[in-house]
Amino acid sequence: MSSPTSWATEPASEALEPPATPVRDWMAQTAQVSITGIRVDETEAGVQIVLETAGRELTAPSSRTVGNALVADIPDAVLDLPAGEPFEQFSPAAGIALVSVTNQPEGGVRISITGTDAPPQVEVSTMTGNLVLSVTPGVETAVDVDEDAIQVVVTATRTEEELQDIPRSVTVITREEIEDQTRLNQDLGDILSQLVPGFSAPTGRTNTFGQSLRGRDISVLIDGVPQNTNLGSIPAFLTTIDPQAIERIEVVRGPNAIYGAQATGGLINIITRQPDEAPIRHTIDVGGSGAIANGAFLAEDGFGYRARYSVSATTDTESALGSISYQSRGVYYDANGDRIPSEYRDAETDEVNVLVRLGAELDPVQRLNFTFNYFRQEQDANYISDPEVEEIPGVQRARAIELPEGTQIIGAPDGGQLETTNLTLQYFNDDLLNSQLEGQVFFRDYAFVGGLPRDSREFFDFILQSPGDTQQWGGRLQVNTPFNPEETASLLWGVDYVRENSSQSFNIFDPEAFDESGGRIFRKIDQIDFVPPYTLNDLGIFAQLQWDISDRLALSSGARYVNLRVNADDYTTFEGNDVEGGTLNAEDFVFNAGLAYDITEALTAFTSFSQGFSLPDIGRVLRFAPAGFAVEADIDLTQPQKVDNYEIGLRGNWNSVQASLAGFYNYSSLGTNFEPTEGGPLRTIRAPQQVYGVEAALDWQPGDDWRLGSTVAGLEGEDENEDGEFTALNSLVIPPLKITAYVENETLPGWRNRLQLLYSGDRDRGFEAGTDDAPIDSYITLDLLSSVSLGGGELSLGIQNLLNTDYFPVYSQFFAPFSETSNTAAPGRWVTLSYRRTF
């Protein structure tokens, strides 16, 4: 046997090249060499693959890695096996999922060796004229898990920091975790509920109303671009991107103002997919889903399907990624096999997402990134909540009825719509006057239609439908200046600016046509303002100190000046009241400080104080202004709501265990609602509020084939009533105890199975205090995810609500006593089958 040639898992650009060959030998080799036999023998190190020929030698193959596979091409060969079929052998040894050898349409033979956890390593040699591949399985050990656990985080400090050094509770959701969860559910809110302590349990609704983080509002960013708006009518901030277009999600738990307003409960920064390091790579992902009960799939209108294609290309100085996805959903069914009303959820929707990322290195220290993200969701709901349940005594279960046959909507959208476009341009300079500079400009357009037209004459005197629109543009500029060559101390400083233009209207429909048709004909006859156009300007100036006081102790501290200005022109309300426009101003300072101390190399203690702020929904005031109202004179808005947060915790990262534990308390002295004063202006309600709790997370890898873990979040909260006493907040604000757990096992090489549980507990404290109209009952759900390597890709089976539990989310239970049409059950057992391949 000749001396072996090392053949590691190199990128395609560094693939082995065959040695130079004399011209006469090259001419002799132009005829293809027949591979007449293939042997795969298990060895102590892995497997040995022998390609047998009829006496002529094969040239050394060129190789590249694709996912967990090592792919080798032999251009001058042809597969000529007796059976005339391609060669495949599954799981020939531990750590090797598949060996396949096939003829290529363009000529030549391709060898694909798929590793269970990582691409294998191969040595190439010859033996009596045959080509021999000695394969050693690639290893994805606890070291890889450890790298994920202490990965670099940018959201918590706006600069790259190791997670262990951040004096805050931060959850990082990786691309792999997102891909796993999308095999069960495409709803980003549900994914966060499963993976983030302190994030409330799923509500079953498209918008974020009823979802909170640590009992307060969340701020959502995509690549640093704010997705929240002050127009709070339909807060669908998490329904602006396909989860499969996400690279990672960084969640900073607890109030903070590092990026600006609204993060009184926490900040969720969604980072879009990054181009792969390979010169060019394609990914296809297709799947279908449907409800299943009593061993059989339910009606065809419950089926859904999705498809995604992405391509990325990378050179030494440029990179590009393009991704497009489409998803169509059917009707949802509960555990009893009954249809669930489709309003305010993503049932019966079609969804498109387009993502483009371009990057260019201008020189070794300067680079540009451009991102375009477009998302559109349209609903054509045929099943709505039956209003007749409101007439039945007692609390009733919501039920779906079909839209009356012949229903027409003329001159207006057929149903709910949501469309958002994000454009972002970033500039980086790693060495500008001994500092690092990052600049960003962005534009976002967010438009929505609030569902089917409805007869609202009881409340608004109209048959109506409500579209709205918000446009935001702005920029961020930050400079990170080190104080010494060792960079143990640095100051991050800069400015943020966002301008937001918002409005919401009513589409008005002909009442005579509606009544004469028995509620079937909606003919648009007018459009009027519901929320008049208004502008919000948000200016923030900040400075943040990072100081490694010693090898074990790090300090983070900073301040932000907030200046908010709201402007509205003269307008007439939908009720016909003339209102004088004007300008409102609010300003304040917010601070933060934190310490992180390394008790050992693996265990860190941290404590912090931080402040977050938010502005009341101005549009809610403008739309109901009485006659003679003047914006500037009658709204008293001198400062935003400010929340003080205190936190202490531990974070551990060992070879096979990652754990965190944190306790927190936050307090605000002002609310975000307005109330009139006698003969005076509207004022912000002074409603002191406090929220406190404990969160914990644990992940453990007891062996190469096992992973398990859990999260726990328990919190409570009160606000001050008119008597000066603190009263328990309702269960929509303070969710019950939430526990998640999972166990994952590689049952056979290349075949993974994961069971995950979500428990939402009982809560009667709100009912006893009179803030809930009924106690909240607990429920448990169990999901199964199974995936197997197949044909160079991955085939996945996801079963949501595996035990077909009949339960009601907290949102439904909260509204059930006074709105039975909102008392919708959660979906029953739901099955998703999908296939993904990267090549």
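Predicted model: local features only at pLDDT ≥ 70, side-chain atom pairs only at ≥ 80, totals over all residues.

Residues are numbered from 1 along each chain as its sequence is written, and side-chain values use heavy atoms, with hydrogens and water left out.

Start with confidence. pLDDT is the predictor's confidence in each residue, from 0 to 100. The protein has a mean pLDDT of 88. Of its residues, 93% reach 70 or more. Confidence is lowest in strand S1 (residues 5–7), with a mean of 37. It is highest in strand S49 (residues 751–760), at 97. Helices (H or I, at least four residues) and strands (E, at least two) are DSSP runs, numbered from the N terminus. Over residues 1–30 the pLDDT is below 50, yet the model gives this stretch 53 contacts beyond near neighbours in sequence. Contact here means heavy atoms within 4.5 Å. Residues 141–150 also stay under 50 in pLDDT, with 15 contacts beyond four places in sequence.

Now look for empty space. Rolling a probe the size of a water molecule over the atoms shows where such space is left. A cavity is a set of points, on a 1 Å grid over the protein atoms alone, where a 1.4 Å probe fits but cannot get out; lining residues have an atom within 4 Å of a point. Grid points are joined across faces, edges and corners, and a volume is the space filled by probe spheres set on the points. The whole structure holds 9 cavities of 30 Å³ or more.

Buried means under 20% relative accessible area, exposed over 50%, and partly exposed in between (1.4 Å probe, protein chains only). In H3, 6 of the 8 residues are buried, so the helix is largely enclosed by the rest of the structure. Those buried residues are Arg175, Ile178, Glu179, Asp180, Gln181 and Thr182. Arginine 183 sits in the loop between H3 and H4. Arginine 183 is buried, at a relative accessible area of 3%. Which residues does arginine 183 touch, not counting those up to four places away in sequence? They are Gln244, Asp285, Arg306, Leu785, Ser796, Gly798, Thr832, Ser834 and Arg836. Leucine 785 is 602 residues from arginine 183 in sequence, but their C-alpha atoms are 7.2 Å apart.

Next come the cores. In soluble globular proteins, nonpolar side chains tend to be buried together. A nonpolar core is a set of buried Ala, Val, Leu, Ile, Met, Phe, Trp, Tyr and Cys residues joined through side-chain atoms within 4.5 Å. The largest one has 38 residues, and Tyr534, Ile618, Leu622, Ile635 and Leu637 have the most contacts inside it. Among the elements that each supply at least two residues of this core are strand S34 (521–548) and helix H6 (618–623). Beyond four places in sequence, tyrosine 534 is in contact with residues including Leu231, Val566, Ile618 and Leu622. Another core, of 26 residues, lies apart from the largest one; Ile38, Leu58, Leu81 and Val99 are among its members.

Leucine 539 is also in S34. It is partly exposed, at 29% relative accessibility. By contrast, leucine 221, in strand S15 (218–222), is buried at 2%.

Finish with two loop residues. Glutamine 262 has a positive phi of about 80° although it is not a glycine. It lies between strand S17 (246–253) and strand S18 (266–272), and is buried at 17%. Aspartate 461, also not a glycine, has a positive phi of about 70°. Its loop runs between strand S30 (454–456) and strand S31 (462–465), and aspartate 461 is exposed at 63%.

Key:
1 Å grid on protein atoms, 1.4 Å probe; cavity = no way out; pocket = protein on both sides within 12 Å on 5 of 7 lines; lining within 4 Å.
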